[in-house]
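Q: I'd like to go through the charged pairs and the contacts in this one before I set anything up. Can you take them with me one at a time?
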Amino acid sequence: MTAYIVRRLFATLPVMAVVALFVFFLLRFAPGDPAAIIAGEDATAEAIAAVRAKLGLDRPMVEQFFVWTLQLLQGDMGVSIFSNLAVTRLISQRLEPTVALTLSTLFVAVALAIPIGVVAAWKARKLIDRLVMGFAVLGFAMPVFVLAYVLIYFFAVQWQLLPVQGYKPISEGLWPFAESLILPSVALGVTYMALIARITRASMLEVLAQDYIRTANAKGLATDRVLLLHALKNAAVPIVTVIGIGIALLISGVVITETVFNIPGLGRLTVDAVLKRDYPVVQGLILVFAGAKVLVNLVIDISYAFLDPRIRY
Amino acid sequence: MLKRILVGAVALAIPFAAAHGQAQEKVLRAVMHADVRVIDPIWTTQTIASIHGMLIYDTLFGNDANLKPQPQMVGKYEISPDRLTYTFTLRDGLKFHDGSPVTTKDVIASLKRWGAKDGVGIRLFSFVKKLDAVDDKTFTMVLSEPYGMVLESLGKSGSSVAIIMREQEALTDPQQQVKEAIGSGPYKFAKDLWVPGSKAVYLKNKDYVPRPGNEPPSSFAGSKIPGVDRIELVWISDPQTAMSALINGEIDFYEAPNNDFLPLLAKARGVKLMMTGKIDSTQGMIRLNHLHPPFDNVKARQAMYHLINQEDFLRAIVGNPEYYRVCHGMLTCGGPYQNDGGSAFFKDYNPKKAAQLMKEAGYKGEPITVLFTTDHNTITPATQVLVQAMREAGLNVDAQSMDWGSVVSRRAKKEPPAQGGWNIFVTTTGGVGASNPVLHTWIGAACDKGLFGWPCDAEIEKLRNAFAFAQTDEERKKIATALQTRAMEQVVYIPFGQWNTPLAYRADRIDGIVPNTGLAVLWGITKK
């Protein structure tokens with residue numbers, strides 16, 4: 001297993017190199033010029049050219065790539081063209097809100113979706129199953145931002161139970177921290193919950209039709225033991241796979257959720273950096289997201305071995 | 001078990017107690033039109049950088065709400081009878097946030113940096129022969145000609161304000177951003193609390209010495225007395241979220257609410273709308289590229305006037321007539337130099353006539369490249385109206401959709417449209433700058449050295465210079481009318497109206513807001 005993990009970690013290096021290459025050149029080929037944005041509304045073409053020269057953006061693209069790669073190999077992601085702050089500082093400032101939002105969403109979604117998926121499978125084709133599936137279709141179809149605005153309107157503006165926007169770090173207290181995450185987690189989690197609930201139901205239905213489940217029932221085992229110990233464990237591999245895929249969905253969902261709820265996380269940093277053509281920041285962020293995705297996939301692959309003893313690496 | 005519950009309760013109570021302690025500090029939370037991403041207001045012309053700059057830096061003069069320059073850092077000043085030598089003496093007690101005194105060395109270096117970068121500064125410095133320090137507090141500015149806009153330029157609002165930095169930062173190349181934001185203004189920038197794209201924090205400068213006499217604030221003039229302990233410029237990019245946050249009391253001040261939300265805000269409890277200053281408006285502009293056909297021909301440019309019904313544009317952008325006005329001039333309507341020079345061009349909305357004039361100008365149906373901004377709340381609907389009118393006239397419109405960032409980059413290209421250039425783009429400018437022919441850089445026609453579209457007309461430039469040298473207001477008004485008439489004839493740009501966006505604030509929590517004249521004035525706001 002250790003050898004497998006080490007091999008997989010080394011395999012991430014070429015993946016990251018390809019990502020770095022693509023993101024660097026795609027950004028440069030995309031229209032837009034940070035120098036023009038910096039120089040501002042009243043700047044002449046000459047003034048823009050002067051800013052571009054000072055930023056080094058007028059140098060050949062290959063030279064710029066070479067300089068960036070060398071910096072990267074030394075652990076330096078460069079500095080933001082606009083704020084002059086190190087990209088690593090900008091990313092670390094924004095990491096906590098995104099991690100907190102992702103984990104709370106994951107927690108809410110998994111904690112609710114798996115039980116309702118199991119219940120839906122257990123009560124297949126009955127009213128509760130249809131309700132769960134109806135919720136799943138609705139949850140999957142409803143855009144995150146629509147749900148977000150609806151939640152804000154009722155829970156924040158009308159009933160004033162929760163804040164409209166912003167993020168409170170855990171250092172400011174447990175309740176302020178939790179309060180700032182409830183609405184965003186629910187808004188972001190519903191799609192994810194719907195996805196996991198559907199897969200849990202489908203996977204459970206397949207397992208519940210197996211002979212050993214019938215045997216367990218015939219032996220007179222309690223329903224909860226049959227469902228949780230016998231069926232759910234064997235249905236877990238596809239569910240865990242979907243949770244892994246869902247984390248990638250969460251990353252894209254975080255961009256929208258962070259914008260609507262004004263959470264200063266990596267998603268908003270990405271949108272702002274792309275709109276401003278802040279090349280070093282976008283490059284750094286894409287590498288971080290790609291690295292996170294590769295690591296999540298690795299964790300999911302490793303978890304298979306624990307869930308299904310037949311799988312060996 | 002009971003012990004665990006008690007420990008948990010205490011752990012939860014501690015942060016609440018801390019939060020209560022912090023509540024003693026008076027904090028103004030304001031959402032502005034953009035986020036503070038750049039800390040050097042000279043390096044960039046972004047308005048938000050100037051708002052940031054005006055909190056932490058001070059200026060020699062500040063133009064008041066009537067655009068009259070009033071001394072700010074300057075204690076006294078003299079102008080020689082030939083109007084060629086200005087002698088300025090700084091007020092007592094001016095100190096930078098690091099404790100060092102403000103000296104004439106800092107002032108001269110700062111003015112030189114500003115004069116090398118800002119359009120208004122460049123114009124002023126083209127007449128400055130020398131700047132000399134007499135001592136630590138007094139310096140002279142000697143002009144080559146009796147330029148009449150010295151004090152107005154030093155006190156200007158809007159972009160790239162003439163702020164005074166420490167000499168060590170002011171010696172930085174103006175094409176490079178300074179690394180530190182240490183000024184002598186009423187608030188200090190808390191750089192360690194700055195999260196670009198989210199929040200910028202300013203702490204009250206307890207050592208600030210405001211102008212004596214407790215003068216009421218009037219735009220940039222008056223005694224700058226900090227009204228709160230801390231100002232947080234919070235960036236909420238989503239206008240609906242910002243509106244909800246104001247209604248919910250999470251923010252105190254919202255500089256530029258979306259027009260669509262004004263009726264909701266007007267009804268919200270505790271929230272008030274405030275119209276900005278009488279000339280603090282936005283003016284819409286259609287910019288034509290004078291370098292390439294068909295708009296290298298003045299007749300084709302004039303044909304475009306027949307496609308402009310300002311009401312159509314303003315209804316699409318603003319909707320409520322309370323917040324807009326038809327303005328057939330380039331100099332701000334309601335401003336001191338408003339006139340009707342050239343306004344006759346707008347009398348006739350007539351697509352057929354536009355098509356006929358275009359034909360007479362040699363247009364044979366070639367594609368006209370319009371840079372179509374897709375992500376701007378005013379420029380996007382204005383471009384839609386324009387494109388529709390052009391299509392009604394049978395023009396071959398090549399509307400190229402792109403985000404504003406791409407337009408900003410593309411419009412700087414002088415190549416023909418087929419090679420990456422353009423024919424038309426739509427933009428806006430501030431009413432305060434546009435109220436004065438010298439400060440209104442978009443009315444210029446300095447050919448290659450001018451702004452995008454590169455209009456080229458010696459007469460216009462001559463009139464702008466003449467305005468700056470005029471000695472009486474009557475003379476200035478006469479020149480302003482002649483200038484606007486000429487600029488409209490040459491179609492330097494096509495104005496499509498003027499509008500105001502009221503600011504919104506929590507009237508139950510804050511006080512002391514003054515109407516904007518170019519920039520939001522935050523330092524005098526107090527918290528109840």
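Q: Which residue does Asp348(B) meet in a salt bridge?
A: In this predicted model, the side chain of Asp348(B) meets that of Lys353(B) in a salt bridge, with 3.9 Å from N to O. That pair counts because the cut-off for a salt bridge is within 4 Å.

Q: How many salt bridges does the structure hold over all chains?
A: The total over all chains is 32 salt bridges.

Q: OK, switching to chain A: what does Asp33(A) pair with?
A: The side chain of Asp33(A) meets that of Arg52(A) in a salt bridge, at 2.4 Å from N to O. This pair links distant parts of the chain, since Asp33(A) sits in the loop between helix H1 (2-29) and helix H2 (34-39) of chain A, while Arg52(A) belongs to helix H3 (residues 45-55) of chain A, 19 residues apart.

Q: Why does Asp33(A) count as buried, and what about Arg52(A)?
A: Asp33(A) counts as buried because its relative accessibility is 8%, and buried means under 20%. Arg52(A), at 26% relative accessibility, counts as partly exposed.

Q: Back in chain B, what is the partner of Asp98(B)?
A: Asp98(B) forms a salt bridge with Arg166(B), and the closest N and O atoms of the two are 2.6 Å apart. Here too the pair links distant parts of the chain, 68 residues apart, with Asp98(B) in the loop between strand S6 (85-90) and helix H3 (104-117) of chain B, and Arg166(B) in the loop between strand S9 (163-164) and helix H6 (167-170) of chain B. Asp98(B) is partly exposed, with a relative accessible area of 40%, whereas Arg166(B) counts as buried at 9%.

Q: How is chain B divided into domains?
A: Domain 1 of chain B covers 1-32 + 186-276 + 503-528, domain 2 covers 42-48 + 57-181, and domain 3 covers 282-499.

Q: What's between domain 1 and domain 2 of chain B, in terms of buried area?
A: The area buried between domain 1 of chain B and domain 2 of chain B is about 1,800 Å², and carbon and sulfur atoms give 52% of that. Their C-alpha centres lie 30 Å apart, and the contact takes 21 residues from domain 1 of chain B and 26 residues from domain 2 of chain B.

Q: How many salt bridges and polar contacts cross that interface?
A: Two salt bridges are found across the interface of domain 1 and domain 2 of chain B, along with 13 residue pairs in polar contact.

Q: Now the chains themselves: how much do chain B and chain A bury between them?
A: Chain B and chain A bury about 4,200 Å² between them, with 51% of it on carbon and sulfur atoms. In chain B, the residues that lose the most area to chain A are Arg37(B), Trp43(B) and Gln175(B), which together make up 14% of what that side buries.

Q: How many salt bridges are counted there, and what does Arg37(B) pair with?
A: The count between chain B and chain A is three salt bridges. Arg37(B) forms a salt bridge with Asp272(A), the closest N and O atoms being 3.3 Å apart, and both residues belong to a network of salt bridges that also links Lys276(A) and Asp35(B).

Methods: Residues numbered from 1 in each chain as written. Chains lettered and ligands numbered in written order. Predicted model: local features only at pLDDT ≥ 70, side-chain atom pairs only at ≥ 80, totals over all residues. Heavy atoms only, no water. Helix = DSSP H or I, 4+ residues; strand = E, 2+ residues; numbered from the N terminus. Buried < 20%, exposed > 50% of the residue type's maximum accessible area, 1.4 Å probe, protein only. Domains from an automatic or database assignment. Contact = heavy atoms within 4.5 Å. Buried area = accessible area lost by both parts, 1.4 Å probe. Polar contact = N/O pair within 3.5 Å; in protein donor to acceptor, adjacent residues only side chain to side chain.
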